[in-house]
Amino acid sequence: MTENERVVLTVPARGEYARVVRLCAAELASRAGMNIDDVDDVKLAVEEAFVFAAEHMTDGEMTFTFHAEPEGLDLLVGPLPEECAHDTGGDAGERYARFILEAVCDEFEVFTHDSACFLRLVKKTV
Amino acid sequence: MPTSRRTRKTTRKLVWDKQLTRELFVRYRADGDEAARDELVEMYLNLVKYLASRFRNRGEPIDDLIQVGTIGLIKAIDRFDVERAVEFTTYATPTIVGELKRYFRDKGWAIKVPRRLQELSFKVNQAIDALTQRCQRTPTVPEIAAYLEVTPDDVLEALETSEAYNFVSLETDRNSDGSDSFSILEYIGKDDQLMAVVDDRTTLSAALKELTPMEQQVLYLRFFQGMTQTEIARHLGISQMQVSRLLRRTLRVMRENLVPEGVD
């Protein structure tokens with residue numbers, strides 16, 4: 001994957017598909033030139049993002065869009081239900097997911113666009 | 001001719017005597033009354049049965065699940081602080097569910113990993129150490145692949161499944177004598193980010209107690225000291241793959257204990 005190319009993965013919003021997304025993310029992180037520490041961080045981040053999104057979805061599908069950036073890997077998760085964006089203090093699971101995501105990513109944001117919520121994660125190549 | 005049969009469904013609510021629970025805990029804690037402990041186990045066995053039944057469609061005999069859940073219940077009884085303003089069921093549920101989930105996870109791993117991957121994981125582990133020494137930095141996946149003359153996909157697959165087995169037993173790090181045990185709780189302050197994740201210290205404490213001292217230390221070094229996995233590995237004298245495996249297990253256990261409603 002070179003700059004401006006993207007990989008889009010849509011999976012059922014069920015836990016057993018987290019591994020599929022994690023493996024794909026690991027492959028793309030490696031292609032982005034990350035060392036194994038950062039590849040592992042990307043895997044952790046994707047898993048937490050999956051859990052974060054799954055908290056708000058009982059069924060349906062989740063879409064993960066990976067972009068190669070000059071400085072690393074950019075991941076967009078969504079569209080998700082709009083209520084994901086409201087950081088109401090949430091439950092422990094959601095707060096915990098945010099804690100991990102903020103720790104393992106260089107950038108992490110939750111935003112709304114066209115009445116849907118998106119998660120954006122950036123991991124930079126050292 | 002079909003016979004009509006009336007089935008009566010009764011909805012049983014799970015109710016426990018709070019006063020009796022408290023008295024039993026006081027007897028067990030203050031006087032070391034083992035009979036009180038047994039009575040508590042007996043009393044909350046229906047909570048175990050209820051939680052175990054949530055996992056009944058996963059191909060394991062319900063009796064085995066109840067047995068596993070009972071181990072969780074006993075752990076919860078031994079760790080519960082009666083002075084906290086938390087109901088025992090609130091405290092015990094995540095511990096029991098955590099025990100059941102771990103049972104499925106461990107069972108799954110033991111079956112799934114092919115021998116080829118076990119051997120490759122072992123080699124990848126050695127290659128990471130060798131390359132980290134040689135390059136004085138953390139290696140990339142293609143570098144490991146080139147070193148072992150395998151494809152990057154093979155390396156990624158080996159890294160993904162590495163947590164399924166122990167290269168070196170970490171049981172010795174459980175510090176049974178407690179002489180140099182590590183407790184992350186000592187390092188977590190009132191305003192800490194991790195503390196902010198949960199509403200009360202009891203919940204966090206219960207979740208952390210599910211972790212071995214080594215796992216607590218890995219969690220602390222990664223998320224509070226900001227060390228990389230390779231740095232942690234060097235610091236603790238274990239491999240990067242072990243750190244990776246410990247970290248993932250740690251995060252999973254924490255999540256399971258903090259989110260008891262995620263039973264299914």
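**Note on chain B of a predicted model**

1. B:Asn125 counts as buried, at 9% relative accessibility. Buried here means under 20% relative accessible area, exposed over 50%, and partly exposed in between, with a 1.4 Å probe and protein chains only. B:Asn125 sits in helix α6 (residues 115-135) of chain B. Helices are DSSP runs of H or I with at least four residues, strands are runs of E with at least two, and both are numbered from the N terminus. B:Asn125 lies 34 residues from B:Leu159 in sequence, and their C-alpha atoms are 8.7 Å apart.

2. Some ground rules. This is a predicted model: local features need pLDDT of at least 70, side-chain atom pairs count only at pLDDT 80 or more, and totals for chains, interfaces and linings use all residues. Residues are numbered from 1 along each chain as its sequence is written, chains are lettered from A and ligands numbered from 1 in the order in which they are written, and side-chain values use heavy atoms, with hydrogens and water left out.

3. Chain B overall. Chain B has 13 helices and zero strands. Of its 264 residues, 50% count as buried. Take contacts (heavy atoms within 4.5 Å) between residues at least 6 apart in sequence: 67% of those in chain B join residues at least 24 apart.

4. B:Gln229 belongs to helix α12 (residues 229-236) of chain B. B:Gln229 is buried, with a relative accessible area of 1%. Its side chain makes a polar contact with the side chain of B:Gln240, at 2.8 Å. Such a contact is a pair of N or O atoms within 3.5 Å; within protein, one must be able to donate a hydrogen and the other to accept it, and residues adjacent in sequence count only if both atoms are side-chain atoms. Leaving aside residues up to four places away in sequence, B:Gln229 touches A:Asp37 and A:Asp40, along with B:Gln240, B:Val243, B:Ser244 and B:Leu247.

5. Helix α11 (residues 213-223) of chain B also meets α12(B). Their axes come within 10 Å and cross at roughly 135°. Axes are lines fitted to C-alpha atoms, for helices over the stretch in contact, and angles run from 0 to 180 degrees between N-to-C directions. The two helices are therefore oblique to each other; angles under 35 degrees count as roughly parallel, over 145 as roughly antiparallel, 65 to 115 as roughly perpendicular and the rest as oblique. From α11(B), the contact uses B:Met214, B:Gln217, B:Val218, B:Leu221 and B:Arg222; from α12(B), B:Ile232, B:His235 and B:Leu236.
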